[in-house]
Amino acid sequence: MSNPNGRFGIHGGQYIPETLMNSVIELEKAYSYYKNDPQFQAEFSALLDEYAGRPSRLYYAKKLTEALGGAKIYLKREDLNHTGAHKINNVLGQALLAKKMGKTRLIAETGAGQHGVATATAAALMGMECVIFMGEEDTKRQALNVYRMRLLGAEVIPVTSGTATLKDAVSEAMGEWCKRIEDTHYCLGSVMGPHPFPTIVRDFQAVISREIKAQILEKEGRLPDAVLACVGGGSNAIGTFYHFIDDTNVRLIGCEAAGRGIDTFETAATINTGKLGIFHGMKSYFCQDEYGQIAPVYSISAGLDYPGIGPEHAHLYDIGRAEYVPVTDDEAVDAFEYLSRTEGIIPAIESAHAIAYGLKLAPTMNKDQIMVITVSGRGDKDCAAIARYRGEELYE
Amino acid sequence: MSNLSSILNQKKVFLPFLTCGDPDCETTAANILALAESGADAVILGIPFSDPTAEGSLIQCANIRALAGGATTDRIFKMAEEIRNEISIPLIFMTYANVVFSYGMERFCKRCESLGIEGLIIPDVPFEEKEEFDVVCKSYQMDLISMIAPTSASRISKIASEANGFVFAVSGLGVSDEQSKMQATIEQTVSEIKAHTNIPCIVGFGIQTPAQAAYMTGFADGVIADTTFTEIVAKYAKDSTPYVKEFAHSMIAAIQNTIE
């Protein structure tokens, strides 16, 4: 979808300091070689299958379907991957790429901690040094994941600048990459940042829709009518959409974190409340004020608490191919609890945003229609925070 | 050669950097006047951005203080307007792509032209992305300044040969206030730059002492000092002007001594 300069329509590009340019050019060259290298692809495939546990299941949620009385609902179970989320797909690809490039150290940003845990995991597996940047606010919200990363041998650096959340962690990681590019690969966790990251991460996450397509054809003999995924930066969503982009009868629906509502300032719904801008290496939509100052966004979900969205999503929105809908904290928490009780599946609070919209949409669809919702991660990490949201004094 | 190039080409130059609005625009205005009086050859004025990703924590904090103090692009334009007629040296804005883009590139550059701003530095717009900004800058007689880093290597020739105003040679790796040592490679970088352009090549980011300034101007056409002024303003706030002046004097003296 992207042209050679990493543009998706008007979005994307490489808006980064000159000090970083040769690093992204080196990465771009390496990736364009290895993506066509059968040996690299074979090693990547083997890691996904043997280590991450792919393919992930496409599960028919019978009880949920019956309870809602509309479309037939399938859940793409990325929560069953090793480390409990889709993040491992991208990380294994990038760690392998970094290794081939002769890098010995991985750095990454993390919001909810899932990408950090996945990166620390890949670093442990491949014998690489690992440093994770995490907003100090998030280290408190996701204390268990901080421990996990340390257990896996990574150093976790709490970021105190700005709002001390995901965007600040991205900025710090970029700064660190600037300082130490010889031995370090920046393992960016989402389909964002400067070219080639949005393309690399999308390619590594595209396994999700490749599998959904094969699995649904096998189970139903036809394509779904709608696929849903939550969107922060947008990696699990682009992974879920990618192989359906040309199948124009399949609705692509990204579910944004509306926080306390898109009519409040406490929101992270970029498409619904943001405007065109340039930040973190890319042109895309961003939550910002009238002078272009990046807004301090909010969501109950640390993984969706980001003021921008990947450039390919911005383009899919511009051309009307994908829809982006806002889902509030309240709706996500309700869905978190509802899926747990109905199907015995505790979704990540991020994924619960997609479930929440599915709960609204399914009853409006016919019984012979099919909806696929990607459960991007498991919700164990969120239990204490949701308990507190419901007024229980539960601490990890 | 543009007007900015000709002015900066006359001698070894000293370009101080200030974050506008830190702690307020009145103080920034007083500091600009003091710098002009001290003999600075141009002043680089940072328009604060919420997330200045290329800066170290020192300048990040200055940006946050300025925004918290109510600095906006319009307020800063107004301040520049108020002092413009009192000084004759060039003024250069430095800010992030989104600040210019969200204001509207055309509108931003037009306002700059009316204020006699001669240059614009946007650290997150590299060579590959400069066209959309450069076209607008040119139509309003403003030079979009190109940055070159020691990591630029094979990119130096194409960046330098298309550069306008002056070349901003980044003195070391990394974010601006976290370099402990000046890299010897900067001298090599400057000589490569000068092989591809005759506009001034000015070294910046992290130059903190008169001795460093003297060393740099041994081979470069001038220096940009950012962190020390930021530290002074952070420490003395509204009372920073005499200290700004004092430091500027010591830097200028050191630079002039290298010439003699």
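**Notes on a predicted two-chain model**

1. Let's start inside chain B: the buried residues of helix 6 pack against strand 3 (91–94), helix 5 (97–103), strand 4 (117–121) and helix 7 (131–139) of chain B. Helices (H or I, at least four residues) and strands (E, at least two) are DSSP runs, numbered from the N terminus. A residue is buried if 20 or more other C-beta atoms lie within 10 Å of its own, exposed if 12 or fewer, and partly exposed in between, with C-beta atoms placed from the backbone.

2. Some housekeeping before going on. This is a predicted model, where local features need pLDDT of at least 70 and side-chain atom pairs count only at pLDDT 80 or more, while totals for chains, interfaces and linings use all residues. Residues are numbered from 1 along each chain as its sequence is written, and chains are lettered from A and ligands numbered from 1 in the order in which they are written.

3. Which residues of helix 6 (residues 105–114) of chain B are buried? They are B:F108, B:C109 and B:C112. After helix 6 of chain B comes B:G116, with a positive phi near 70°.

4. Chain B has twelve helices and nine strands. Nine strands form an open sheet with parallel pairing, in the order 5-4-3-2-1-9-8-7-6 (chain B); two strands pair if DSSP finds at least two bridges between them. At the edges are strand 5 (143–144) and strand 6 (146–148) of chain B, each pairing on one side only. Strand 4 of chain B runs parallel to strand 5 of chain B and is joined to it by two bridges; B:G119 stands opposite B:D143 in strand 5 of chain B.

5. As for overall dimensions, a compact globule of 260 residues would have a radius of gyration near 18 Å, and the 17 Å of chain B agrees with that. The radius is taken over C-alpha atoms, and the globule rule is 2.2 Å times the number of residues to the power 0.38. The C-alpha trace of chain B spans about 45 × 40 × 30 Å along its principal axes. Of the 260 residues in chain B, 58% are buried.

6. Turning to chain A, its domain assignment (bounds from an automatic or database assignment) gives domain 1 (8–48 + 87–201) and domain 2 (54–84 + 206–389). Their C-alpha centres lie 22 Å apart. Across the boundary, 39 residues of domain 1 of chain A are in contact with 37 residues of domain 2 of chain A, contact meaning that C-beta atoms, placed from the backbone, lie within 7 Å. Strand 2 of chain A supplies the largest share of the domain 1 side, five residues.

7. Chain A also holds an open sheet of four strands, ordered 1-2-12-11 with antiparallel pairing. Strand 1 (7–8) and strand 11 of chain A are at the edges with a single partner strand each, so one side of each has no neighbour in the sheet. Strand 2 of chain A and strand 12 (residues 281–286) of chain A run antiparallel, joined by two bridges, and A:Y15 stands opposite A:G281 in strand 12 of chain A.

8. Finally, the chain interface: 27 residues of chain A are in contact with 33 residues of chain B. Helix 8 of chain A gives the most to the chain A side, with six residues.

Terms used:
Two residues are in contact if their C-beta atoms, placed from the backbone, lie within 7 Å.
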